[in-house]
Amino acid sequence: MTPPTLRGRVAWIFDEANFDVDRILGFEAMREHDAATLARCAMKSFDPGFAEAVRLGDLLIGGPNFGYGHPHGPPMAAMRRLGVAAVVAESFAPLYAMGEFASGFPQITCPGICRAVRRWDVIEVDWACHSVSNLTRGGEVRFLPFSAHERDLVAAGGLFNLLRSAPESSRLSAIDDK
């Protein structure tokens, strides 16, 4: 399965190393469960107009070890609610990336991406060539290919969808193997 095509604007660049995604909401909003409320709270400390400016298909850019810290789901749930399609980062904290892949949210490891784009540039992910192209300024940066499992998770829209689509016989054999 091939993940969906990604083409959108760079909605924000988190260029610092070890960015903790909890900062997207602020710690006060982390206990909130309503997706619409989470979306309204997103990025207030960085850009109070972010929720109004972001559009369906926009992408986030991250620096090295993006997602560092405890991997909480609400910040990225808020981003998905706002229409953000993926995160492209220099590298990811492993637990954060695993959780987001399980949600079907693409996490694209692309060394050099922070130097290759600016906010609001339009970029496109080419899965076949493993590249991110800057359609606004020109240029291209190669990204690390997904594993087969990561590709399947993203293409299916997350772990639960992937499991639902598996033939019943393979789901039962996976249980029997334990």
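This is a predicted model: local features need pLDDT of at least 70, side-chain atom pairs count only at pLDDT 80 or more; totals for chains, interfaces and linings use all residues.
Two strands are taken to pair if DSSP finds at least two bridges between them.

Strand 3 and strand 4 (residues 107-109) run parallel and are joined by three bridges. Between them, select helix 4 (residues 94-102), which together with strand 3 and strand 4 makes a right-handed β-α-β unit.

Next, return to valine 88 and select isoleucine 61, its bridge partner. Here strand 2 (residues 59-62) pairs with strand 3 in the parallel sense, over four bridges. Tracing the chain from strand 2 leads through helix 3 (residues 74-82) to strand 3, again as a right-handed β-α-β crossover.

Now display the side chains of strand 3 (residues 86-89). Ala86 and Val88 point one way, Val87 and Ala89 the other, and all are buried.

Proceed to the aromatic residues, where the whole structure contains 14 aromatic pairs. Select phenylalanine 14 and phenylalanine 19: their ring centres are 4.4 Å apart and their planes lie at 35°, so the pair is tilted. Both residues are buried. Phenylalanine 92 and tyrosine 96 instead form a stacked pair, with 6.0 Å between centres and 20° between planes. Phenylalanine 92 is buried at 11% relative accessibility, and tyrosine 96 is buried at 2%.

Finally, select arginine 80 and phenylalanine 105. The charged end of arginine 80 sits over the ring of phenylalanine 105, 5.1 Å from the ring centre.

Note on methods
Residues are numbered from 1 along each chain as its sequence is written. Side-chain values use heavy atoms; hydrogens and water are left out. Rings of Phe, Tyr and Trp (its six-membered ring) pair if their centres lie within 6.5 Å; planes under 30 degrees apart count as stacked, over 60 as edge-to-face and the rest as tilted. Buried means under 20% relative accessible area, exposed over 50%, partly exposed in between (1.4 Å probe, protein chains only). A charge sits over a ring if NZ of Lys or CZ of Arg is within 6 Å of the ring centre and within 35 degrees of the ring normal. Helices (H or I, at least four residues) and strands (E, at least two) are DSSP runs, numbered from the N terminus. A crossover is right-handed if, with the strands pointing away from the viewer, the path from the first strand over the helix to the second runs clockwise.
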